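Hi everyone, thanks for coming.

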Amino acid sequence: MPPLHSLIAFALASLVLLIIPGPAVIYILNRSVADGRRVGLAAVCGIEVGNFVHVIAASVGVSALLATSATAFSLVKWLGAGYLIYVGIRTLIQQPSALDTSTAQTSLRRSFLQGVVVNTLNPKVALFFLSFLPQFIDTSNGSPGLQSFIYGSIFVALGFVSDGAYALVASGLRDTLLRGRTLPFVQRYLAGLVFIALGLVAGSTTRN
């Protein structure tokens, strides 16, 4: 069982990543603004199933390998840290994605299934689980696979809360979101700086 301080640190890092508008959040906003609360929440459920796909993938082998091999850990740590920083810089210099509400009248089933696909293929989540999650694995705390599952479950639970909040707020503030400038600023500048910070943290982590 991971120690409490590690669980809290991972939860905070997860929450920061989750609240930054990426492909998953943009999809939720699109569906919530275009089709309303129920369809937006269906999208959230699909997104979290996609998150859980990444949790299972990490639990069945990736994190266990990294935790038991110093060479693999160091390789992934530096590659992951470098890529996080690269993504942060790229995010800072490119225009953010715009909301697209042209596809209205999406069914609950379609919204859910699209959410699963969107987040299963979401590079932001894959990057987080491959390069940041392994930093929290410590073989002295038990099975690496179980630790990965516990951390991943925390990520999914927090995702339900943060993504659900996005859906509820977006469905009630459609016009404001479409006209406002806050979302593009967060997508570009705040997201870029957070990715760079996560990369620096990942690169400075030592193997337990």
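**Rings and a cavity**

Let's begin with Y151, which counts as buried because its relative accessibility is 0% (buried means under 20% relative accessible area, with a 1.4 Å probe and protein chains only). Before going on: this is a predicted model, where local features need pLDDT of at least 70 and side-chain atom pairs pLDDT 80 or more, while totals for chains, interfaces and linings use all residues. Residues are numbered from 1 along each chain, and side-chain values use heavy atoms, without hydrogens and water.

How many aromatic pairs are there? The count is five, where rings of Phe, Tyr and Trp (its six-membered ring) pair if their centres lie within 6.5 Å. F10 and Y151 make a tilted pair, because their planes meet at 55 degrees, with the centres 4.9 Å apart (under 30 degrees is stacked, over 60 edge-to-face, the rest tilted). F10 sits in helix α1 and Y151 in helix α7, 141 residues apart (helices are DSSP runs of H or I, at least four residues). F10 is also buried, at 0%, and ring pairs join F10, F136 and Y151 into a cluster.

A cavity is a set of points on a 1 Å grid over the protein atoms alone where a 1.4 Å probe fits but cannot get out; lining residues have an atom within 4 Å of a point. Among the lining residues of the largest cavity are L17, N51 and F155.

Technical notes:
1 Å grid on protein atoms, 1.4 Å probe; cavity = no way out; pocket = protein on both sides within 12 Å on 5 of 7 lines; lining within 4 Å. Helix = DSSP H or I, 4+ residues; strand = E, 2+ residues; numbered from the N terminus. Buried < 20%, exposed > 50% of the residue type's maximum accessible area, 1.4 Å probe, protein only.
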